Amino acid sequence: MNSFEHPAAFLFFLAIPLYCILRKFSLVSPPVFPLPLEDWQGGGFEWKHRFSRFLRTLSSILFLSGFIALVTALAEPIVTEQEKRFISRGAEIIFVTDTSPSMAALDIGGTSRLEAAKQAISLLVRENQGASYGLAAFASEAALLVPPTMDQKTFFTRLDAMEIGELGDGSALGVGISTAVYHLASSEAPAKIIVLLTDGENNTGAVHPNTAAALAKDKNITLYIAGIGTKGSVPIEYTDPISGKRYSGYLDSDFNDASLRSLAFEGGGSYYTVESLASLSAALQNIRIKNTVRQAYTLKQKKRSFYPECTFAALTCFFTAWIIRRLYLHEAVS
């Protein structure tokens, strides 16, 4: 909803036609600030160039625009929006993302598997409020980067900063899953979900993936898995964040997704094959729809004032008009 806090301020616009009428009948004259030059012996001032006339016209337009912006600022335009405030708990979802070097393969629409995962996660979280989202990463080690939260700013800051190789080489799927289980086990959320995004099989770690999946199911946590990547020889390129060394070449991508399917079934969820950003986004949306939680909420009106923007525009117009007249036209007239 658009409105003005002080609409009476628009009465100042009547000053424009009033000024024009008074000027027409020579009842007022433009304000002049004289600049005496005692030893001046030159001729009078004359407009000789079209460009100078253009600048003078432009400065007048800018002054008028500044006046309009200033009056608008005094009227204080505001936009009123309705904001949802949830008063009941929603689902808690932790995205467990593989950051091993193979996730740098550039086979998801020309971007890396990790970047595609980050884009799809970002899209889902931005479009769906109410749920609490967390973020974990794993390679040879695992870490919870963001506990489940509704603070999207914190979530996106850490999501954007996630890098290939920050947790070593290898894929410790079991450790990654168990890290998320540990932080969801005591939650009282009506739905607890782990979404594992990976491109390979478990090849390291102290916890077996099936043990972690069984533990998740025992704690009423549903495990979903998205297997990201195409098969064949795919280009790969990344910089190791620890050593700073640049790697590039080709990866022979041929992982067997049978174990991932079995793992998702063990965790009470589903497995999704992902070979494009669109299919990954669709998979995440499908997971959200399956775990939709009805939440109670209230609507709160949120007002945003555009007074600062209008004031800045007015000052910019006035200052630009002054620059043109004083420095380019060398006037001492306001």
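Predicted model: local features only at pLDDT ≥ 70, side-chain atom pairs only at ≥ 80, totals over all residues.
Local features are reported at pLDDT of at least 70 and side-chain atom pairs at pLDDT 80 or more, whereas totals for chains, interfaces and linings use all residues. Residues are numbered from 1 along each chain as its sequence is written, and side-chain values use heavy atoms, with hydrogens and water left out.

The chain contains 9 helices and 11 strands, taken as DSSP runs (H or I of at least four residues for helices, E of at least two for strands) and numbered from the N terminus. Of its 334 residues, 40% are buried; buried denotes a relative accessible area under 20%, exposed one over 50%, and partly exposed a value in between, with a 1.4 Å probe and protein chains only. Contacts are defined by heavy atoms within 4.5 Å. Among contacts in the chain with a separation of 6 or more, 80% join residues 24 or more positions apart.

Helix α4 spans residues 152-161, and its buried residues are F155, F156 and L159. Viewed down the axis of α4, these buried residues fall within an arc of 90°, so they line one face of the helix; the arc is that of the directions from the helix axis to the C-beta atoms. The face turned away from this buried side carries the exposed residues K153 and T157. The packing partners of the buried residues of α4 are β3 (92-98), α3 (113-127), β4 (132-138) and β5 (142-149). At the start of α4, a side-chain oxygen of D151 comes to within 3.2 Å of the backbone nitrogen of K153.

Two packed helices are described by the angle between their axes and the distance between the axes. For α3 and α4 the packing angle is about 175° and the axes are 11 Å apart, where axes are lines fitted to C-alpha atoms, for helices over the stretch in contact, and angles run from 0 to 180 degrees between N-to-C directions. The two helices are therefore roughly antiparallel, the term for angles over 145 degrees. On the α3 side the contact is made by K118, I121, S122, V125 and R126, and on the α4 side by Q152, F155, F156, L159 and D160. These residues divide into 5 nonpolar, 2 polar and 3 charged; Ala, Val, Leu, Ile, Met, Phe, Trp, Tyr, Cys and Pro count as nonpolar, Asp, Glu, Lys and Arg as charged, and the others, Gly among them, as polar.

The loop between α3 and β4 holds N128, which is buried at a relative accessible area of 12%. The side chain of N128 makes a polar contact of 2.8 Å with the side chain of R288. A polar contact is a pair of N or O atoms within 3.5 Å; within protein, one must be able to donate a hydrogen and the other to accept it, and residues adjacent in sequence count only if both atoms are side-chain atoms. Residues up to four places away in sequence not being counted, N128 touches Y133, Q285 and R288.

In helix α7 (residues 258-266) the buried residues are L260, L263 and A264. Their arc around the axis is only 100°, which puts them on the same side of α7. They pack against α5 (173-184), β6, α6 (209-218), β7 (221-228) and β10 (271-274).

Strand β6 (residues 192-198) includes V195, a buried residue with a relative accessible area of 2%. V195 and V96 are 99 residues apart along the chain, and their C-alpha atoms are separated by 5.9 Å. Beyond its neighbours within four places in sequence, V195 contacts I93, I94, F95, V96, Y224, L284 and I287.

Most residues other than glycine have a negative phi. E76, in the loop between α2 (50-75) and β2 (77-86), has a positive phi near 55° and is partly exposed at 21% relative accessible area. N220, in the loop between α6 and β7, has a positive phi near 60° and is exposed at 62% relative accessibility.

P77 belongs to strand β2 and is buried at 12% relative accessibility. P77 and F4 lie 73 residues apart in sequence and 4.4 Å apart in space, C-alpha to C-alpha. With neighbours within four places in sequence left aside, the contacts of P77 are S3, F4, T72, R304, S305, F306, Y307 and C310.

Technical notes: Parallel < 35°, antiparallel > 145°, perpendicular 65-115°, else oblique.
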